[in-house]
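This report is for a reader who is seeing the structure for the first time. Please keep the sequence and the 3D view open while reading.

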Amino acid sequence: MALALQTFATVKDANAALKAAGTRYLGGGTLVVRAANEGDVSVSGLIRSTEPSLSTIAVAGGKVRIGASVTMAAIARHPDLGTLAKTARAVGGPAIRNMATVGGNLFAPAPYGDFAVALLALDATVSTDDGETPIETFLAKRDGSRAIVTSVGFTLPPQGGFRFLKVSRVKPKGVSVLSIATVLQQAPDGTVSSARIALGCMADRPVRASAAEKALLGRMLTADGIAPALAAASDGTSPITDPIASAWYRNEVLPVHLGRLLLA
Amino acid sequence: MAKVPVQFTLNGSEKAEFVDSGTTLLHALRDKIGDTSPKGGCHQGSCGACSVIIDGELRLSCLTLAETCDGAVISTTSGLSDSGVLHPLQRAFLDTFATQCGFCTPGMIMAAKVLLDHTPNPSRDEVVEALSGNICRCTGYEPIIQAVLTVARSNSQNAA
Ligand SMILES: Cc1cc2nc3c(=O)[nH]c(=O)nc-3n(C[C@H](O)[C@H](O)[C@H](O)COP(=O)(O)OP(=O)(O)OC[C@H]3O[C@@H](n4cnc5c(N)ncnc54)[C@H](O)[C@@H]3O)c2cc1C
Ligand code: FES
Ligand code: FES
């Protein structure tokens with residue numbers, strides 16, 4: 001099926017063109033062109049913008065802003081984004097990473113969306129021409145979202161504060177059984193003073209493990225200390241079932257992998 | 001549907017074509033320009049047989065729209081040999097039996113070339129990582145890894 005592509009120099013003009021029925025924004029195309037190749041006829045027109053700000057990464061004073069068209073490969077090699085390099089490298093193989101954008105990852109259905117899991121743990125904000133939205137709200141409402149995402153922003157956690165784990169069956173590259181990202185802060189006595197835990201594949205989109213987060217507060221990162229959090233890890237999840245793993249399996253192995261990440 | 005003009009450099013020569021808007025680069029290369037070295041295995045981004053190098057980066061031509069390549073510099077496996085003399089990667093793939101049915105080979109060679117262009121003497125792990133988006137149903141991968149390491153070793157000997 002032929003797909004007409006329209007390219008605009010500004011996000012504003014591209015947003016206006018996206019009002020037409022049957023149109024969809026084109027990021028790196030790894031999902032949307034794939035869908036067209038598979039015969040998805042719901043999209044008849046693709047829209048993209050070449051506005052340079054979409055492709056820039058700005059890091060200053062611990063604050064990071066990544067344009068929506070920035071690719072996983074660009075993040076993985078950025079000297080100031082070492083914290084996120086592992087997450088970016090966990091997405092697909094080398095060619096996919098040269099194409100897959102941050103903007104597209106926010107919309108990727110499970111088992112994809114590994115980078116969005118990290119952004120959820122980092123409490124990122126998602127920007128469009130209409131303003132900024134907390135990522136949690138954005139993800140919840142993404143199916144109805146038509147506006148072009150222009151960038152994501154977040155504060156870099158202190159050294160060692162961010163952890164990421166992707167579990168896959170095929171090494172070194174493979175689709176997620178699940179992915180987990182955490183941002184933890186510890187008080188001087190070593191107890192956890194704040195915790196954000198984000199999960200991939202434990203619903204149709206990245207979700208927080210809120211019960212586990214609460215159960216970690218005031219606890220030490222020891223096998224005993226994290227036990228209540230692991231017991232609560234699957235509370236409220238509704239994992240996907242796909243050829244990689246069943247929902248049952250994902251729920252069974254989540255505490256094991258969360259435990260490994262917390263004790264790492 | 002309106003045709004759109006696309007111009008790019010393919011293996012050192014200028015190409016100008018009119019394509020239907022939304023045409024993939026794989027389709028444009030194979031069916032319009034006649035370079036059949038990139039293969040259409042899955043059209044889903046999963047097999048890597050369609051891999052080409054665009055502006056120095058490995059890309060999947062099945063998921064890339066031709067129009068987005070206007071002004072780009074594109075390399076495919078068909079541009080590698082020089083006046084009938086095979087590129088060292090092509091030679092090594094033959095010598096180490098890294099090609100059987102050959103369907104994955106052009107994509108594997110592009111993935112290996114981009115690795116060696118940036119990292120002339122990679123470790124085995126780096127080779128495996130570089131080829132991790134490319135599927136081979138015949139060889140079991142080991143001969144392919146060996147082919148790339150053979151070229152890497154001769155690169156480092158030549159540099160010494
Ligand atoms: C073989 C293969 C392996 C993969 N492996 C992984 C993996 O390991 N982990 C993973 O997370 N993903 C994986 N993916 C999925 C995908 O490549 C990534 O999620 C990628 O980040 C999607 O980005 P894109 O730019 O290619 O999206 P596109 O295909 O361009 O777009 C996807 C959706 O997002 C919308 N969109 C894109 N950008 C914007 C924007 N700026 N504003 C508004 N809407 C937008 C599009 O309209 C479309 O609906 C894989 C895909 C393939 C084909
Ligand atoms: S044909 Fe492009 S990845 Fe398989
Ligand atoms: S040689 Fe047959 S698929 Fe690789």
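The text below goes through the contact between two chains, the ligand, and a few single residues.

The model is predicted.

## The contact between chains A and B

Chain A gives 24 residues to the contact, and chain B gives 23 residues. The size of an interface is often given as the accessible area lost when the parts come together. Between chain B and chain A, the buried area is about 1,900 Å². Carbon and sulfur atoms give 60% of that area.

Chain B and chain A are linked by 2 salt bridges. One of these salt bridges joins the side chains of Arg97(A) and Glu129(B), at 2.5 Å from N to O. Between chain B and chain A there are also 7 residue pairs in polar contact, counting pairs with both residues at pLDDT 80 or more.

On the side of chain B that touches chain A, two or more residues each come from strand 4 (57–60) and helix 4 (124–130) of chain B. Strand 4 of chain B gives the largest share of this side, 4 residues. By type, the residues on the side of chain B that touches chain A are 8 nonpolar, 11 polar and 4 charged.

Ser132(B) is a residue of chain B that touches residues of chain A. Its place is the loop between helix 4 and helix 5 (142–159) of chain B. Leaving out residues up to four places away in sequence, Ser132(B) touches Gly93(A), Pro94(A), Pro172(A) and Lys173(A). Within chain B, a polar atom of the Ser132(B) side chain lies 2.7 Å from the backbone oxygen of Glu129(B). Ser132(B) counts as buried because its relative accessibility of 15% is under the 20% limit.

## The ligand

Ligand 1 lies between chains A and B. It is surrounded by 32 residues, and the closest are Tyr25(A), Gly28(A), Thr30(A), Thr101(A) and Asp114(A).

| Residue | Atom of the residue | Atom of ligand 1 | Distance |
|---|---|---|---|
| Tyr25(A) | backbone N or O | oxygen | 2.6 Å |
| Arg24(A) | side-chain N or O | oxygen | 3.2 Å |
| Gly104(A) | polar backbone atom | nitrogen | 3.5 Å |

## Two buried residues of chain A

Ser151(A) is in strand 8 (residues 149–155) of chain A. With a relative accessible area of 8%, Ser151(A) is buried. Its side chain makes a polar contact with the side chain of Arg65(A), at 2.6 Å. Not counting residues up to four places away in sequence, Ser151(A) touches Arg65(A), Ile66(A), Gly67(A), Ala68(A), Thr125(A), Val126(A) and Ser127(A).

Pro206(A) is in the loop between strand 11 (192–200) and strand 12 (207–208) of chain A. Why does Pro206(A) count as buried? Its relative accessible area is 6%, and buried means under 20%. With residues up to four places away in sequence left out, Pro206(A) touches Gly113(A), Ala116(A), Val117(A), Leu120(A), Leu139(A), Arg142(A) and Leu199(A). The C-alpha atoms of Pro206(A) and Ala17(A) are separated by 29 Å, and these two residues are 189 residues apart along the chain.

## Backbone details

Cys201(A) is found, like Pro206(A), in the loop between strand 11 and strand 12 of chain A. Cys201(A) is not a glycine, yet its phi is positive, about 75°. Its relative accessible area is 2%, and Cys201(A) is buried.

A positive phi of about 60° is found at His43(B), which is not a glycine either. His43(B) belongs to the loop between helix 1 (25–33) and strand 3 (51–54) of chain B. Is His43(B) buried, partly exposed or exposed? At a relative accessible area of 35%, His43(B) is partly exposed.

The peptide bond that joins Ala110(A) and Pro111(A) is cis, with omega of about 15°. Pro111(A) is in the loop between helix 6 (102–107) and helix 7 (114–121) of chain A.

Methods
Residues are numbered from 1 along each chain as its sequence is written. Chains are lettered from A and ligands numbered from 1 in the order in which they are written. This is a predicted model: local features need pLDDT of at least 70, side-chain atom pairs count only at pLDDT 80 or more; totals for chains, interfaces and linings use all residues. Side-chain values use heavy atoms; hydrogens and water are left out. Buried means under 20% relative accessible area, exposed over 50%, partly exposed in between (1.4 Å probe, protein chains only). A polar contact is a pair of N or O atoms within 3.5 Å; within protein, one must be able to donate a hydrogen and the other to accept it, and residues adjacent in sequence count only if both atoms are side-chain atoms. Contact means heavy atoms within 4.5 Å. Buried area is the accessible area (1.4 Å probe) that two parts lose on being put together, summed over both. A salt bridge is a side-chain nitrogen of Lys or Arg within 4 Å of a carboxyl oxygen of Asp or Glu. Ala, Val, Leu, Ile, Met, Phe, Trp, Tyr, Cys and Pro count as nonpolar, Asp, Glu, Lys and Arg as charged, and the others, Gly among them, as polar. A residue is near a molecule or strand if one of its heavy atoms lies within 4 Å of it.
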